[in-house]
Amino acid sequence: MVEKYQPVDRGFNYYVTFIYFQAIEALGTLNSAERLIDAARRLDKGDRKGLQRCVELLREMGQWALCAEVYGKMGDWESLIELYAKTDQWDEAFSLVQRKPDLSSICWTLRADWLAEKDLFVEAQDAFYKAGKPGEALKVLTKLTECAVTESRFNDAAHYYHLLRFDGVSSIF
């Protein structure tokens, strides 16, 4: 008896989902973050397409905290880490890493890139090591050494060569 009504139920679910998707699009054109997050909260966490569209629209509005809420609902932890990195919310990013240790490499890599963009190369090198990317860390140190030599900062160059020597030895073993 239940088998008889399943296609109707499935069709109704598709209909409701389609209506929600249209509603999300309409709310996006209104630039109403409050109504958009309300719609996202009403969606099932399994409705990835609808939730993803909500996030896209919220990002366009610059509503980072609301984006984080939707990513959390979706369980899209990698995107949440990337959002935290984009918005320089490193405390939140590393707090998430404590709960989800498998995200550590992603978080430290994003942090290393951010540090390198801020010309904090020594810190970036350390972050690459923590990300489990010694090759990238070695590239940063090599670049630092080359720049120090080019700029006639010989004390810095000597220090970086000393570090390179130890990095080279540790990578052999």
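H6 and H7 run roughly antiparallel to each other, because an angle over 145 degrees counts as roughly antiparallel, while under 35 degrees is roughly parallel, 65 to 115 is roughly perpendicular and the rest is oblique. Their axes cross at roughly 160° and come within 9 Å, with H6 covering residues 90-99 and H7 covering residues 104-117. For axes, think of lines fitted to C-alpha atoms, taken for helices over the stretch in contact, with angles running from 0 to 180 degrees between N-to-C directions. The crossing of H6 and H7 is left-handed, a label used if the near helix is turned anticlockwise from the far one by less than a right angle, with clockwise giving right-handed.

A word on what you're looking at: this is a predicted model, where local features need pLDDT of at least 70 and side-chain atom pairs count only at pLDDT 80 or more, while totals for chains, interfaces and linings use all residues. Residues are numbered from 1 along each chain as its sequence is written, and side-chain values use heavy atoms, leaving out hydrogens and water.

Now zoom out. The chain has ten helices and zero strands, so named from DSSP runs: H or I of at least four residues for helices, E of at least two for strands, numbered from the N terminus. Reading along the sequence gives α-α-α-α-α-α-α-α-α-α. Of the 173 residues in the chain, 33% are buried, where buried is under 20% relative accessible area, exposed is over 50%, and partly exposed is in between (1.4 Å probe, protein chains only).

Two other helix pairs are worth a look. H4 (residues 64-74) and H5 (residues 77-86) have axes that come within 8 Å and cross at roughly 165°. That angle makes H4 roughly antiparallel to H5, and their crossing is left-handed. H5 also pairs with H7: here the axes come within 10 Å and cross at roughly 20°. H5 is therefore roughly parallel to H7, and this crossing is right-handed.

On to the charges. Side chains of opposite charge can pair when their charged atoms come close. The structure holds seven salt bridges, each being a side-chain nitrogen of Lys or Arg within 4 Å of a carboxyl oxygen of Asp or Glu. One of them joins Arg-42 to Asp-38, with the closest N and O atoms 3.1 Å apart. Why are these two about one helical turn apart? Arg-42 and Asp-38 are four residues apart in helix H2 (residues 33-42). Arg-42 is exposed at a relative accessible area of 57%, whereas Asp-38 is partly exposed at 33%.

Glu-56 counts as partly exposed at 33% relative accessibility, but Arg-53 counts as buried at 19%. The pair belongs to a network of salt bridges that links Glu-25, Arg-53 and Glu-56.

Asn-31 isn't a glycine, although its phi is positive, about 55°. Asn-31 sits in the loop between helix H1 (2-30) and H2, and counts as exposed at 56% relative accessibility. Ser-152, also a residue other than glycine, has a positive phi near 60°. Its place is the loop between H9 and helix H10 (154-172), and Ser-152 is partly exposed, with a relative accessible area of 46%.

Stay around there for another salt bridge, Arg-153 with Glu-151, whose closest N and O atoms are 2.8 Å apart. Both ends are partly exposed: Arg-153 at 29% relative accessibility and Glu-151 at 48%.

Last stop, the surface. Which residues make a nonpolar patch of about 320 Å²? Val-149, Phe-154 and Tyr-161 do. Patch residues have over 30% relative accessible area and no salt bridge, with nonpolar side chains (Val, Leu, Ile, Met, Phe, Trp, Tyr) joined within 5 Å and like charges within 9 Å. The areas come from the Shrake-Rupley method with a 1.4 Å probe, and for residues only the protein chains shown count as cover. Val-149 lies in helix H9 (residues 134-150) and is partly exposed, with a relative accessible area of 35%.
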